[in-house]
Amino acid sequence: MHKQKKATQWKKELVYDVNGIDSEALAISNDGYIYIADEYAPSIFVTDLNGIIKERWVPKGVAKSLDGADYKVVENFPQKLRQRQLNRGFEAVSLSKDDKFVYTILQSPFEGEIDTKIVPFYAIDRSSGEVLQTLNYPLDDIDSFKLDSKKKKRKQNDVKVSEMATLPNGDLAVLERVSKTTKFYKINPKNVQNNTLKKELIFSTDDYKGFPSKIESIAVINENEWILINDNDFGITGDKTKIIKVKF
């Protein structure tokens with residue numbers, strides 16, 4: 001009887017690439033600039049319509065690690081962003097209705113603050129790159145994500161912000177999710193109390209049938225129509241990409 005040999009697992013660390021990007025969201029200005037949210041870093045890439053990177057906005061203290069990059073590095077974000085949880089950077093970026101400001105929001109609370117239910121929201125001046133406002137966005141309690149909490153107790157840190165889009169009236173739609181449950185909230189940077197954004201629920205997928213898990217993208221067509229797309233995780237477990245049109 002022959003003994004079965006164990007499969008050999010080969011592990012090779014990838015070479016660090018200063019030009020690498022884990023792109024998760026984008027917004028396009030009327031004058032032809034694209035703002036790309038980078039989840040891993042976190043950072044924001046500013047490119048033209050040909051994809052040529054003009055500059056990259058990063059937290060203070062990060063520029064040195066990007067020596068050799070073929071673009072301009074601007075340290076405009078607070079240094080505390082370096083304390084983001086691993087791979088929980090920016091998954092959302094949008095522009096103000098007048099194109100004057102870029103908005104982004106951290107996916108999850110900072111490392112060491114995972115039970116605070118607070119993530120930072122940033123308003124950046126487009127022309128200067130200066131962060132003008134840092135506001136608090138309050139996450140919902142994990143137990144309110146009904147389909148995700150139905151069979152087992154989930155952790156508060158499972159709640160994430162995975163997208164943000166500008167609505168026709170200038171408000172922002174924020175996508176807050178776990179996996180099976182996705183909620184869509186409306187916020188406005190001018191609607192703040194004690195430095196915390198007030199949010200209004202637009203709808204939750206818990207109230208409807210047929211929505212896929214891990215919805216991570218919003219495209220606003222007009223005030224009555226959105227397009228939503230899920231993350232299929234490369235189809236590893238058999239999940240398929242689904243495009244959903246939502247009418248209000």
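Two strands count as paired if DSSP finds at least two bridges between them. Strands (E, at least two residues) and helices (H or I, at least four) are DSSP runs, numbered from the N terminus. The model is a predicted one, in which local features need pLDDT of at least 70 and side-chain atom pairs count only at pLDDT 80 or more, while totals for chains, interfaces and linings use all residues. Residues are numbered from 1 along each chain as its sequence is written, and side-chain values use heavy atoms, with hydrogens and water left out.

**Stop 1: the sheet.** Select β10, β11, β12 and β15. They form an open sheet in the order β10-β11-β12-β15, with antiparallel pairing. At the edges are β10 (160-166) and β15 (200-204), each pairing on one side only. From one strand to the next the twist averages 25°; axes here are lines fitted to C-alpha atoms, for helices over the stretch in contact, and angles run from 0 to 180 degrees between N-to-C directions.

Now keep residues 172-177 (β11) and 182-187 (β12), an antiparallel pair with six bridges. Show Leu-172: the residue opposite, in β12, is Ile-187.

**Stop 2: Phe-90 and Tyr-122.** Aromatic rings of Phe, Tyr and Trp (its six-membered ring) pair if their centres lie within 6.5 Å; planes under 30 degrees apart are stacked, over 60 edge-to-face, and the rest tilted. The structure has 14 such pairs. With ring centres 6.3 Å apart and planes at 70°, Phe-90 and Tyr-122 are an edge-to-face pair. Phe-90 belongs to β6 (residues 90-95) and Tyr-122 to β8 (residues 118-125), so the pair ties together parts 32 residues apart in sequence.

**Stop 3: the ring cluster.** Select Phe-184, Phe-203, Tyr-208, Phe-211, Trp-226 and Phe-248, which ring pairs link into a cluster.

**Stop 4: charges over rings.** The criterion is NZ of Lys or CZ of Arg within 6 Å of the ring centre and within 35 degrees of the ring normal. Select Lys-183 and Phe-145: the charged end of Lys-183 sits over the Phe-145 ring, 4.3 Å from its centre. Then select Arg-84, which lies over the face of Tyr-40 at 5.1 Å from the ring centre.

**Stop 5: Asp-143.** Asp-143 is found in the loop between β9 (131-138) and α1 (146-149). Its relative accessible area is 44%, so Asp-143 is partly exposed. Leaving aside residues up to four places away in sequence, Asp-143 touches Ser-149 and Lys-153, where contact means heavy atoms within 4.5 Å.

Terms used. Buried < 20%, exposed > 50% of the residue type's maximum accessible area, 1.4 Å probe, protein only.
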